[in-house]
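User: I have a structure to go through with you. Can we take it topic by topic?

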Amino acid sequence: MCVWCLLESVFFQMGLAMIGGSRVVFLDEPTSGLDPQSRRSVWELLQRFKAGRAIVLTTHYMDEADLLCDRIAIMSEGRLRCCGSSLFLKVGRWLGSREEI
């Protein structure tokens, strides 16, 4: 599938989720498979539409979570390992740590 077709598909799916005025939207890796420029386009769209909504998204990219999320939860092996703001995760010992919670 071409990148442009994939980007159009992502925008279409996000548009469907947002158009109904949903207050809670779940997105599963919305930028997976996109190039960096297309990822930024999706980020801009999400930032425009996040006012008044709770958007729950999954991602493997910490830069994406840092930019888009107010709170970040990190899961590993099906278990919640830590949860907090981006600043909490950066100044805490959570990132780079292998301790069990």
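User: Start with C82. Buried or exposed?
Analyst: C82 counts as buried, because its relative accessibility is 8%. Keep in mind that this is a predicted model.

User: And C83, what is its relative accessibility?
Analyst: The value is 36% for C83, so C83 counts as partly exposed.

User: How many disulfides are there?
Analyst: The structure holds 0 disulfides. C82 is in none, and its nearest cysteine sulfur belongs to C83, 7.6 Å away.

User: Switching to salt bridges. What's the count?
Analyst: The count comes to 3 salt bridges. One of them joins the side chains of D63 and R39, at 3.3 Å from N to O. D63 is in helix α3 (residues 62-68) and R39 is in helix α2, so this pair ties together parts 24 residues apart in sequence.

User: How exposed are those two, D63 and R39?
Analyst: D63 has 41% relative accessibility, so D63 is partly exposed. R39 is at 11% and counts as buried.

User: What does K90 pair with?
Analyst: K90 forms a salt bridge with D66, and their closest N and O atoms are 2.9 Å apart. K90 sits in helix α4 (residues 86-91) and D66 in helix α3, so the pair ties together parts that are 24 residues apart in sequence.

User: What about exposure for K90 and D66?
Analyst: K90 is exposed, at 53% relative accessibility. D66 is partly exposed, with 32%.

User: Which residue does E77 meet in a salt bridge?
Analyst: R81. The N to O distance between the E77 and R81 side chains is 3.8 Å. The cut-off here is 4 Å. E77 is exposed at 75% relative accessibility, whereas R81 is buried at 16%.

User: Now the core. Which residues have the most contacts inside the largest nonpolar core?
Analyst: M14, L27, V42 and L46. That core has 13 residues. α1 (3-19), β1 and α2 (36-49) each supply at least two residues of the core.

User: What does M14 touch?
Analyst: Leaving out residues up to four places away in sequence, M14 touches L27, P30, V42, L45 and L46.

User: Which residues form the nonpolar patch on the surface?
Analyst: V24, F26 and V56 form that patch. Together the three have about 300 Å² of accessible area.

User: Where does F26 lie?
Analyst: F26 is in strand β1, residues 24-28. With 63% relative accessibility, F26 counts as exposed.

User: Last one, H60. Where is its place?
Analyst: H60 is in the loop between β2 (54-58) and α3. H60 counts as exposed, because its relative accessibility is 66%.

User: How far is H60 from I74?
Analyst: Their C-alpha atoms are separated by 9.9 Å, with H60 and I74 14 residues apart along the chain.

Terms used:
Residues are numbered from 1 along each chain as its sequence is written. This is a predicted model: local features need pLDDT of at least 70, side-chain atom pairs count only at pLDDT 80 or more; totals for chains, interfaces and linings use all residues. Side-chain values use heavy atoms; hydrogens and water are left out. A disulfide is a pair of cysteine sulfur atoms within 2.5 Å. Buried means under 20% relative accessible area, exposed over 50%, partly exposed in between (1.4 Å probe, protein chains only). Patches are made of residues with over 30% relative accessible area and no salt bridge: like charges are joined within 9 Å, nonpolar side chains (Val, Leu, Ile, Met, Phe, Trp, Tyr) within 5 Å. Accessible areas come from the Shrake-Rupley method with a 1.4 Å probe; for residues, only the protein chains shown count as cover. Helices (H or I, at least four residues) and strands (E, at least two) are DSSP runs, numbered from the N terminus. A nonpolar core is a set of buried Ala, Val, Leu, Ile, Met, Phe, Trp, Tyr and Cys residues joined through side-chain atoms within 4.5 Å. Contact means heavy atoms within 4.5 Å.
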